[in-house]
Protein chains: 2
Amino acid sequence: MEKNQTVDMLSGLSCPVPITDYKTVLLAHGGGGRLTHQLIEKMFLSQFDNPLLAPLHDGAVFTLGNTTLALSTDGYVVNPLFFPGGDIGELAVNGTVNDLAMCGANPKYLSVGFILEEGLPMEDLWRVVQSMKSAAQRAGVELATGDTKVVDKGKGDRMFVTTTGIGVIPPGRTINPRNARPGDNIIVNGPIAVHGIAIMSVREGLEFETAIASDTAPLNGLVDAMFGAGELHVLRDPTRGGVASALNEIAGSAGVGIFITEEAIPLTDDVRGACEILGLDPLYVANEGKLLAFVPPDSTSAVLDAMHRHPLGRDAVVIGSVVQDHPRVVVMKTGIGGTRVVDMLSGEQLPRIC
Amino acid sequence: MEKNQTVDMLSGLSCPVPITDYKTVLLAHGGGGRLTHQLIEKMFLSQFDNPLLAPLHDGAVFTLGNTTLALSTDGYVVNPLFFPGGDIGELAVNGTVNDLAMCGANPKYLSVGFILEEGLPMEDLWRVVQSMKSAAQRAGVELATGDTKVVDKGKGDRMFVTTTGIGVIPPGRTINPRNARPGDNIIVNGPIAVHGIAIMSVREGLEFETAIASDTAPLNGLVDAMFGAGELHVLRDPTRGGVASALNEIAGSAGVGIFITEEAIPLTDDVRGACEILGLDPLYVANEGKLLAFVPPDSTSAVLDAMHRHPLGRDAVVIGSVVQDHPRVVVMKTGIGGTRVVDMLSGEQLPRIC
């Protein structure tokens, strides 16, 4: 107990640790599923409770002067650093751009924090920097400021990148997971589970006829086109925890039921095959460059049309809808005709996927 | 060469790595001295060159709508996580608050990115979260959004924290390191080298009559009082690399000479003693809760008076001035009457001090 005595001496805990069922941090606390949510709710929201954090959005929304802004941050710890279709730098730019877009914001400026492990080849850092530059240009954002720290060899893993973005929300856009309404159609912009399988294929040494490449991409242009076409209630990029966890979050936030149809969910043959080999359910596999949109019935066909005209929305389809039944529960009609509850990811399916 | 071939196959380097004298990242690249500057200039500015990054400010300054904003980010990798006078959480809040204040901004919202090592005691995370909450309250900022990633045991070091802050710059404030002008007096708000020595004392097991406690503190209130009293040209918090590196950065940015007087630089007896034992020059030791202000002669006495009335400025003194001679060089009149050039920190004096 000597350690605890030191703890008390130095600062003292003013109240008991709220996560009593886990004494230490597990990989699953970062996995985007049930344990991540428990950590956020019990540890962070209990201390930082404020109207900005409460919506469990992809970012915070606030007004400064006459402008409504969104602020979003994400750490990137993906392993490996370089993979088919992208690298940690591109992921870090696109991921934060997309979190802002999912708040209805036009992303403007990004900050970048590097935590480098001593001994990292300069060439690897240089490749990542070049990749961030081109990703920022593609997304139309500026890398405005940054910071670099170096930790001793063995105390990091080559490179961690944290990006934070600021964007402007045009007047009239009110995107919020709480806005999901019975009747809303749920659209996905293309095949799911691609990013997670691309990373896993590299790690597991799986070979396919053509390599599965990550679908990382900036979605702000697609989102702009969608706003131009009709009304949107909720936007969400189903990254860690996959489509299943994202839908559960939204069902929980809005207090609504969600019904999806397995056969409607787009999946490439390669990804389907890899999921079978790896024993993974594609609904729980991480995506990049994919979004879920909750669109009222009136606007659905116009929004779908606009998506189909955009390179990143060509394969957009409706995969389900919001229902009045089974509030806070996601139910799926399976391929063989039955229905099953689709729960949030529990545990860590794929560590360090982003 | 197999690795390089893979590199080229995957993405290809479009131009040679600019840091040819170092093949890998060294601890000193994160130390805030000469190698940090080389990395920023050769690697980051060459790719991200834009008017926001160019001033080498503590943050980026831009206008959205009718509001001028500052954005700043910093990673915190301090070891140990808990130390006399503070912890990584308090440091992460105050550090980013201060970087914004050094741009002349009123800090408003912070984002927090945690990178946790599997196995971190929940209690340690909880202490840090509580500490961030109270630091945010003291500084008057809101923790608006966050992210948590977990890396496998042995691939991190318990906890890294990256905070990013957004603040509003009131009309008429134009703080920039380029604004240093011959004649400006250079004020420091109190004894230097305290934070670095507090950390080193713990690491080295040094004992003093009373423990040296970190001087971490939010400086936005003090800065507000200073703006209320007179004109300010440059503000800088001399963290990594210490007072010497900060003065060299400003002398370089503005193309001016700086002359300081050793006897004027405030130093406590404990810190002086510890520096002697550890063989450290206090001018290169990291500070928190300290600022350097470049103030035109007309405003100096009013600004000093305002500082003396603030708890964090009670010991404020003039330590030197900007001169026309020796542009870009910092010269110090030593205690024994001679003069010497005070260079930027070269190498890494104190790894993982913040």
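A polar contact here is a pair of N or O atoms within 3.5 Å; within protein, one must be able to donate a hydrogen and the other to accept it, and residues adjacent in sequence count only if both atoms are side-chain atoms. This is a predicted model, where local features need pLDDT of at least 70, side-chain atom pairs count only at pLDDT 80 or more, and totals for chains, interfaces and linings use all residues. Residues are numbered from 1 along each chain as written, chains are lettered from A in the order written, and side-chain values use heavy atoms, without hydrogens or water.

**View 1. Polar contacts between chain A and chain B.** The side of chain A that touches chain B divides into 46 nonpolar, 27 polar and 19 charged residues.

**View 2. A salt bridge from Arg352(A) to Asp152(B).** The closest N and O atoms of this pair sit 3.1 Å apart. The interface has 6 salt bridges (a side-chain nitrogen of Lys or Arg within 4 Å of a carboxyl oxygen of Asp or Glu).

**View 3. Val25(A), Met122(A) and Trp126(A) at the interface.** Chains A and B bury about 8,100 Å² between them, 67% of it on carbon and sulfur atoms. That's accessible area (1.4 Å probe) lost on putting the two together, summed over both. These three residues supply 10% of what chain A buries against chain B, more than any other three.

How values were computed. Nonpolar A, V, L, I, M, F, W, Y, C, P; charged D, E, K, R; others polar.
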